[in-house]
Amino acid sequence: VQLQASGGGLVQAGGSLRLSCVASGGTFRTYGLGWFRQAPGKERVLVATSNSNGDIVRIAESVKGRFTISRDNVKTYYPQMNNLKPEDTAVYYCAVGPPGGSVYSPDYYRWGQGTQVTVSS
């Protein structure tokens with residue numbers, strides 16, 4: 001399965017963005033999904049992980065209450081971020097991994113190319 005992440009852009013603080021992660025050559029039916037981000041000069045960190053049913057099983061404290069994930073079929077996830085803050089500025093990546101999800105990036109098998117989110121103050 002290949003992944004395509006998109007939907008990033010420039011947004012003012014307090015705004016919202018809906019990202020997407022599309023699978024090709026396969027589906028998310030048997031995979032958990034991880035959503036990670038990497039800010040400039042920092043390590044890649046987990047934002048949220050969901051199981052193969054699309055349920056979020058772990059979410060970072062920094063985005064709790066502001067981040068949701070929806071799925072309209074087994075090929076597309078739509079993470080939504082609300083009330084964006086400048087510290088949310090990063091490249092966001094989706095990845096597929098174990099069906100129950102995982103907080104550990106080495107557990108993920110395939111990564112999308114990332115989409116840039118920039119939040120201005």
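Is Cys21 buried or exposed, and what is its relative accessible area? In this predicted model, Cys21 is buried, with a relative accessible area of 0%, where buried stands for under 20% relative accessible area, exposed for over 50% and partly exposed for the range in between, with a 1.4 Å probe and protein chains only. This is a predicted model in which local features need pLDDT of at least 70 and side-chain atom pairs count only at pLDDT 80 or more, while totals for chains, interfaces and linings use all residues. Residues are numbered from 1 along each chain as its sequence is written, and side-chain values use heavy atoms, with hydrogens and water left out.

The structure holds one disulfide, a term that stands for a pair of cysteine sulfur atoms within 2.5 Å. This disulfide joins Cys21 to Cys94, with an S to S distance of 2.1 Å, and the link is right-handed, with 80 degrees about the S-S bond. The pair links distant parts of the chain, since Cys21 lies in strand E4 (residues 20-24) and Cys94 in strand E10 (residues 90-97), 73 residues apart. Strands (E, at least two residues) and helices (H or I, at least four) are DSSP runs, numbered from the N terminus.

| Residue | Relative accessible area |
|---|---|
| Cys21 | 0% |
| Cys94 | 0% |
| Thr49 | 1% |

Thr49 is found in strand E6 (residues 44-50), and its side chain reaches the backbone nitrogen of Ser102 at 3.0 Å. Such a polar contact is a pair of N or O atoms within 3.5 Å; within protein, one must be able to donate a hydrogen and the other to accept it, and residues adjacent in sequence count only if both atoms are side-chain atoms. Leaving aside neighbours within four places in sequence, Thr49 is in contact (heavy atoms within 4.5 Å) with residues including Leu33, Asp55, Val57, Gly101, Ser102 and Tyr108.

Thr30 is found in the loop between E4 and strand E5 (32-38). Thr30 touches Ser52 and Pro99, not counting residues up to four places away in sequence, and although Thr30 and Ser52 are 22 residues apart in sequence, they are 5.5 Å apart in space, C-alpha to C-alpha.

Strand E8 (residues 67-73) and strand E9 (residues 76-81) pair in the antiparallel sense over six bridges, where pairing requires that DSSP finds at least two bridges between two strands. E8 and E9 form a hairpin with two residues between them, and the bridge partner of Phe67 in E9 is Met81.
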